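Here are my notes for someone opening this model for the first time. Have it in view and go through the points in order.

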Amino acid sequence: MKKVFISMPFRGLNRDQIERNFVKMHKIAEAVFGETLEPVNNYFEAGDDNEIICDEYVSHTKIFYMSKALDKMSKCDYIIGIEESVMFHGCNIEREIAEHYIPEANQFFIDEHYLELPRISMNYDIDEEDQ
């Protein structure tokens, strides 16, 4: 079965909200690409037994987790994500890489308003809480 990488924001969401968005994105991907796809989980949480968790030797935690997500993306046939966002830089990075390295027919990006996302004021310091 082919795999789909689901690029979506996690910051500010609880586990239930993340799961609902993940299921929604998976359903959209299968409809757009016209086949049953195995979704690849790229949500990392401290304490997950099956994931490598950042330790005290990693200076840049966000870069560490981004590298793990990109490793997972490299093993997928398709990607679904959000269009460019001013608040979710990790999603922008994943989209940018997909646009350069994944065939256009295998990528699909939606407006972030289709997802359940936290209301974040424009005064929010996105450099401090980058996705």
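1. A word on terms before the tour: helices here are DSSP runs of H or I with at least four residues, strands are runs of E with at least two, and both are numbered from the N terminus. With that in hand, the protein comes to three helices and four strands. Keep in mind that you're looking at a predicted model.

2. Start with the order of things along the chain. From the N terminus on, the elements run β-α-β-α-β-α-β. Of the 131 residues in the protein, 40% are buried. Take the contacts with a separation of 6 or more: 74% of them are between residues 24 or more positions apart.

3. Let's walk through the pairings. Strand 1 (residues 3-6) runs parallel to strand 2, and three bridges join them; here V4 stands opposite P39. Strand 1 is also joined to strand 3 by three bridges, again running parallel, and I6 stands opposite I80 there. Strand 3 and strand 4 are parallel too, with four bridges between them, and I82 has I110 of strand 4 as its bridge partner.

4. Five of its five residues are buried, so the strand is largely enclosed by the rest of the structure. Which way do they point? Y78, I80 and I82 point one way, I79 and G81 the other way, and all are buried.

5. Zoom in on I82, which is found in strand 3. Buried or exposed? Its relative accessible area is 0%, and buried means under 20%, so I82 counts as buried. Leaving out residues up to four places away in sequence, I82 touches S7, P9, F88, C91, R95, F109, I110, E112 and L115. For a distance to check on screen, the C-alpha atoms of I82 and N92, 10 residues apart along the chain, are separated by 7.9 Å.

6. On to helix 2 (residues 61-73). It has 13 residues and reaches 19 Å from its first C-alpha to its last, close to the 18 Å expected at 1.5 Å a residue. Its buried residues are F64, M66, A69, K72 and M73. They pack against strand 1, strand 2, strand 3 and helix 3.

7. Helix 3 gets the same length check. Its end C-alpha atoms are 18 Å apart, which agrees with the 18 Å that 13 residues should span at 1.5 Å a residue. G90, C91, N92, E94, R95 and A98 are the buried residues in helix 3. What covers them includes strand 1, helix 2, strand 3 and strand 4.

8. Finally, how do helix 2 and helix 3 meet? They pack at an angle of about 35°, with their axes 11 Å apart, and helix 2 passes helix 3 in a right-handed crossing. From helix 2 the contact uses M66, A69, L70 and M73, and from helix 3 it uses G90, I93, E94, I97 and A98. By class, that makes seven nonpolar, one polar and one charged residues. M66, A69 and M73 are also among the buried residues of helix 2, and G90, E94 and A98 are among those of helix 3.

Definitions and conventions: Residues numbered from 1 in each chain as written. Predicted model: local features only at pLDDT ≥ 70, side-chain atom pairs only at ≥ 80, totals over all residues. Heavy atoms only, no water. Pairing = 2+ DSSP bridges. Axes fitted to C-alpha atoms, helices over the stretch in contact; angles between N-to-C directions. Left-handed = near helix turned anticlockwise from the far one by under 90°. Contact = heavy atoms within 4.5 Å. Nonpolar A, V, L, I, M, F, W, Y, C, P; charged D, E, K, R; others polar. Expected span 1.5 Å × (residues − 1). Buried < 20%, exposed > 50% of the residue type's maximum accessible area, 1.4 Å probe, protein only.
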